[in-house]
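User: I want to go through the labels on this model one by one. Show it first, then I will ask what stands behind each label.

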Amino acid sequence: MSMNYRHLHYFWMVAKEGGFARAAERMDMAIQTISAQVRELEKDLGHQLLKPAGRGVELTDAGQVAFAKAEEIFQIGQSLPELVRAVASKPVKRFKVGLCDGISKLAVHALLKPVLNTTDLHLTCHEGEPEQLLAELALHHLDFVFAGQPPPANPNLRMQSRVLITSEVDWYGSSRWVKKNQVDNFPQCLAELPVLLPTGHSRLRVDMNHWFAQQGIAPHVVGEFEDSALMSVFAARGFGVFPVSRLGVYDTGTLSGLRLLGQCSDLHEEIHGVWNVKSIDHPLVVEMLSSLER
């Protein structure tokens with residue numbers, strides 16, 4: 001059933017005024033017109049909403065429910081102009097970004113830092129598969145995408161990309177696992193310690209598998225995570241040791257309570273920025289990219 005809100009409004013006014021005559025006077029309309037509209041509403045709902053009470057009317061049980069909902073609807077309607085004026089007078093700066101599964105969210109936070117203090121910023125972050133996010137970018141549903149590798153060549157998509165950072169990878173763990181003999185025996189100790197790794201969604205995981213093979217290490221993997229921040233939480237609780245991009249982790253306090261196990265100068269994580277050619281006019285895209293060049 002399609003609700004006729006004009007009928008509902010007449011009913012609401014009658015209920016508030018306590019009778020058809022007072023509602024008609026308040027609305028400067030004929031009693032017969034208002035009465036007919038209320039009867040139409042009752043017919044549509046299939047229930048009597050008002051019943052005679054002295055010189056006026058009172059609500060039936062069904063009418064009380066209808067009146068309560070009508071109060072909500074028309075109070076919202078009355079406040080709508082003020083809400084619209086407030087938004088129009090103070091426009092929000094919207095920035096919609098996509099984060100491909102498997103990239104370091106800690107590093108992304110550091111890359112976004114130059115725009116996070118923007119006045120009236122409304123930041124929306126979506127996570128997903130690269131194909132899904134690039135499709136959203138092509139449709140202008142996103143302004144920018146952070147990815148672990150450049151997008152596939154496709155002239156129809158009209159996208160641009162660049163490497164935003166190349167960050168070395170360090171290994172951390174709690175005091176339960178990181179002791180002097182493990183530090184001295186890094187990275188071979190990873191064959192014995194419980195290891196937390198990014199999932200196969202991550203380009204870093206692919207590179208890390210090659211690195212393990214080059215080092216002759218068969219890691220003792222006890223957990224895999226898409227989110228680097230979540231992985232750090234498990235590591236801090238003593239679940240295992242984990243790798244993390246160097247960028248951003250010191251600023252966010254993520255390493256609180258964790259110890260450095262070792263550094264991998266020959267293992268890096270790349271984060272690529274991808275944008276639609278029309279998005280380059282977005283002021284926050286310009287600001288973020290410019291800050292990386294300073």
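Analyst: This is a predicted model. A search of the whole structure turns up one cavity of 30 Å³ or more.

User: What makes this space a cavity, and how much space lies in it?

Analyst: The space is called a cavity because a 1.4 Å probe fits there but cannot get out. About 100 Å³ lies in this largest cavity.

User: Which residues are closest to its centre?

Analyst: Ser104, Pro198, Leu204, Ser228 and Met231, out of 15 lining residues.

User: Which elements supply the lining of the largest cavity?

Analyst: α9 and β9 (242–245) each give at least two residues. The largest share, three residues, is from β9.

User: How does the lining of the largest cavity divide by residue type?

Analyst: Seven residues are nonpolar, five are polar and three are charged.

User: Now the surface. Which residues form the nonpolar patch?

Analyst: Val222, Leu230, Val233, Phe234 and Phe239. Together they have about 380 Å² of accessible area. Helix α9 (residues 228–236) provides the largest share of the patch, three residues.

User: Why is phenylalanine 234 called partly exposed?

Analyst: Phenylalanine 234 has a relative accessible area of 35%. Buried means under 20% and exposed means over 50%, with partly exposed in between. The value of 35% lies between these cut-offs, so phenylalanine 234 is partly exposed.

User: What relative accessible area does a patch residue need?

User: Where does phenylalanine 234 lie?

Analyst: In helix α9.

Notes: Residues numbered from 1 in each chain as written. Predicted model: local features only at pLDDT ≥ 70, side-chain atom pairs only at ≥ 80, totals over all residues. Heavy atoms only, no water. Patch = residues over 30% accessible without salt bridge, like charges linked within 9 Å, V, L, I, M, F, W, Y side chains within 5 Å. Areas by Shrake-Rupley, 256 points an atom, 1.4 Å probe, with all protein chains shown as cover. Salt bridge = Lys/Arg side-chain N within 4 Å of Asp/Glu carboxyl O. Helix = DSSP H or I, 4+ residues; strand = E, 2+ residues; numbered from the N terminus. Buried < 20%, exposed > 50% of the residue type's maximum accessible area, 1.4 Å probe, protein only. 1 Å grid on protein atoms, 1.4 Å probe; cavity = no way out; pocket = protein on both sides within 12 Å on 5 of 7 lines; lining within 4 Å. Points joined across faces, edges and corners; volume = space filled by probe spheres on them. Nonpolar A, V, L, I, M, F, W, Y, C, P; charged D, E, K, R; others polar.
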